[in-house]
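Let's take a walk through this model and look at how some of its charged side chains pair up. Keep the 3D view open as you read.

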Amino acid sequence: MTDIRVGIIMNGVTGRMGTNQHLVRSINAIRAQGGIALADGRRIVPDPILVGRNKAKIEALARAHGVARWTTDLDAALANRDDTVYFDSASTGLRASLIRNAIAAGKHVYTEKPVATTVADALDLYHRAERAGVRHGVVQDKLWLPGLLKLRTLIDSGFFGRILSVRGEFGYWVFEGDWQEAQRPSWNYRKEDDGGIIVDMLCHWRYVLDNLFGGVRSVMCIGATHIPARWDERGARYDATADDAAYATFELADGVIAQINSSWCTRVRRDDLATFHVDGTLGSAVAGLTECYLQPRAATPKPVWNPDVPQTIDFGSTWQKMPANRVFENAFKAEWELFLRHVVDGGSFRWNLLEGAKGVQLAELGLRSWAERRMLDVPALDG
Ligand SMILES: NC(=O)c1ccc[n+]([C@@H]2O[C@H](COP(=O)([O-])OP(=O)(O)OC[C@H]3O[C@@H](n4cnc5c(N)ncnc54)[C@H](O)[C@@H]3O)[C@@H](O)[C@H]2O)c1
């Protein structure tokens, strides 16, 4: 049986996400396992070419990870007919124009979120890709996190009965950069560089809510810039011009209410960096990135409000840990595999540029809701 080589032009891979999640944990991991097995016995083998602006950096990255091909010439890479997929994890602001070029060159497109900085641009990319007949996908990695896959199983099994509400807590303390190095890039905190937690996280919450709990119908969001000054990668002080926390409420289809706090200015005292607490008529569950705890109706304790005596119920111990029952892949790798199958066999792939545009739409509406101090409806985006 022959291998099916898929040449992938990977742009922006010297960055945090590009290197760790996409190159090392996805593409190289797929290569190391011998590719992706198809039903007929053939295997899809990705063959990346790394693209970057800085020759020394991109060459060093390629060497460090055993990648044979690298270049600083994106146009030449796009002109090579043997490489059929363009992947983008470079800075958000450049993305739309880079993807337009890739589509014009006839490439299939797979991209990090946000797919563009405006809904108009995001929809334009979708329409161009459709017209060109290329395949397209957007990173919606949270859907393949073990914790959320466990929630999916609970939903599908009817565990919750009617879902009433979802409370999400995302965040951790991101160091300011003065006395301890920051653990996120400084552009995240500058509006002029497309930073901000609303743009970053509401893209994620859109597909998490749409896919698991019900289509998002409205949004009310308050943002904040809690930390006004930070220190960048070179140790220079800069003004933080973007929001570093967002407190949002969403109405979903069928009356489900979701509230999600997103913050880079909070100290963690919960099981994980993101947790989702789901309450339903027949049971509740709390999922983190990997684990999920549940409490069915019949095992629900009966608290009685009495502040005069110390709490008698150890609430943490009244939840049951959900077993894994299967092996979970890295979430980014899981979606890459599905996308590469889609490229090769043309089967359906739901997480495309239109879904990406919906994420941008929710971020845009979140920012507007904050600016206008009101709840906003989310109009249907059906392309
Ligand atoms: N899916 C997720 O969970 C997730 C998480 C974080 C970030 N992201 C997204 O991934 C993207 C990258 O984020 P990051 O945290 O890796 O940032 P980063 O700053 O670490 O990396 C950005 C990359 O873009 C490159 N770049 C910058 N300007 C460029 C230019 N003018 N031309 C070409 N390349 C350029 C940089 O060299 C670097 O390789 C962003 O769009 C971000 O929204 C997604």
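What follows is a short tour of a few salt bridges, ending with one more aspartate.

Before we start, bear in mind that this is a predicted model. How many salt bridges does a search of the whole structure find? The count comes to 29, and we'll visit a handful of residues.

Start with Asp83 and Arg5. These two form a salt bridge, and their closest N and O atoms are 2.8 Å apart. Asp83 sits in strand β5, which covers residues 83–88, while Arg5 belongs to strand β1, residues 3–11, so this pair ties together parts that lie 78 residues apart in sequence. The two partners also have their own surroundings to look at. Asp83 is buried, at 0% relative accessible area, whereas Arg5 is partly exposed, at 39%.

Now move along to helix α6. Here Asp156 forms a salt bridge with Arg152, and the closest N and O atoms are 3.1 Å apart. Both residues lie in this helix, which runs over residues 146–157, and because they are 4 residues apart, about one helical turn separates them. Is Asp156 buried or exposed? With a relative accessible area of 56%, Asp156 is exposed, because that value is over the 50% cut-off. Arg152, at 29% relative accessibility, counts as partly exposed.

The next stop is Arg190, which forms a salt bridge with Asp193; here the closest N and O atoms are 2.6 Å apart. Arg190 has a relative accessible area of 18%, which is under 20%, so this arginine counts as buried.

Finish with Asp279, in strand β14, which spans residues 274–280. Asp279 is buried too, with a relative accessible area of 19%. Which side chain does the side chain of Asp279 make a polar contact with? It's the side chain of Ser284, at 2.6 Å. If you leave aside neighbours within four places in sequence, Asp279 is in contact with Arg162, Ile163, Leu164, Ser165 and Arg167, as well as with Ser284.

Terms used
Residues are numbered from 1 along each chain as its sequence is written. This is a predicted model: local features need pLDDT of at least 70, side-chain atom pairs count only at pLDDT 80 or more; totals for chains, interfaces and linings use all residues. Side-chain values use heavy atoms; hydrogens and water are left out. A salt bridge is a side-chain nitrogen of Lys or Arg within 4 Å of a carboxyl oxygen of Asp or Glu. Helices (H or I, at least four residues) and strands (E, at least two) are DSSP runs, numbered from the N terminus. Buried means under 20% relative accessible area, exposed over 50%, partly exposed in between (1.4 Å probe, protein chains only). A polar contact is a pair of N or O atoms within 3.5 Å; within protein, one must be able to donate a hydrogen and the other to accept it, and residues adjacent in sequence count only if both atoms are side-chain atoms. Contact means heavy atoms within 4.5 Å.
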